[in-house]
Amino acid sequence: MQFKATCAAFINSDIRIAQQQGHSRENIVAGLAYAIAGNYLQRVKGPRAVGRKAFLQGGVALNRAVAHAFAQSVGRPVVIRRIPNCSVALGVALLALERSGGPASTRGYSDA
């Protein structure tokens, strides 16, 4: 199942059509996971190349189906940190601390 809509309001219509066409719940959910990955890759990443390692961060990384869709879409394994929904906030906080001249002990920090 492949959804074309990128807006939650419009994708709901696509879901209803898929249900009426008899698509399974699993197929619809897989389509949603790929829609999330595709939307990010097209609208956020854009034409920039994906590096040797691809990281998936934020709360969306807690969804294994979305993580799988990202990995399939970029053609390589996707690294997900132990606490992906906090790693972005932690990274930004450490960067802000470093840029403000905060403690040097934060340099080289890793939560892995």
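First, the ground rules. This is a predicted model, where local features need pLDDT of at least 70, side-chain atom pairs count only at pLDDT 80 or more, and totals for chains, interfaces and linings use all residues. Residues are numbered from 1 along each chain as its sequence is written, and side-chain values use heavy atoms, with hydrogens and water left out.

Helices here are DSSP runs (H or I, at least four residues), numbered from the N terminus. Axes are lines fitted to C-alpha atoms over the stretch in contact, and angles run from 0 to 180 degrees between N-to-C directions.

Start with H1, residues 8–20, and H2, residues 25–45. Their axes come within 11 Å and cross at roughly 150°. That makes H1 roughly antiparallel to H2; the cut-off is over 145 degrees. Who touches whom? Contact means heavy atoms within 4.5 Å. H1 brings Ile 11, Ile 15, Ala 18 and Gln 19. H2 answers with Ile 28, Leu 32 and Ala 35.

Now the other pair. H3 spans residues 64–74. H2 and H3 pack at about 55°, with axes 8 Å apart. H2 and H3 are therefore oblique to each other. Oblique is what remains after under 35 degrees (roughly parallel), over 145 (roughly antiparallel) and 65 to 115 (roughly perpendicular). On the H2 side, the contact includes Ala 33, Tyr 34 and Leu 41. On the H3 side, Val 66, His 68 and Phe 70 are among the contact residues.

Notes
Helix = DSSP H or I, 4+ residues; strand = E, 2+ residues; numbered from the N terminus.
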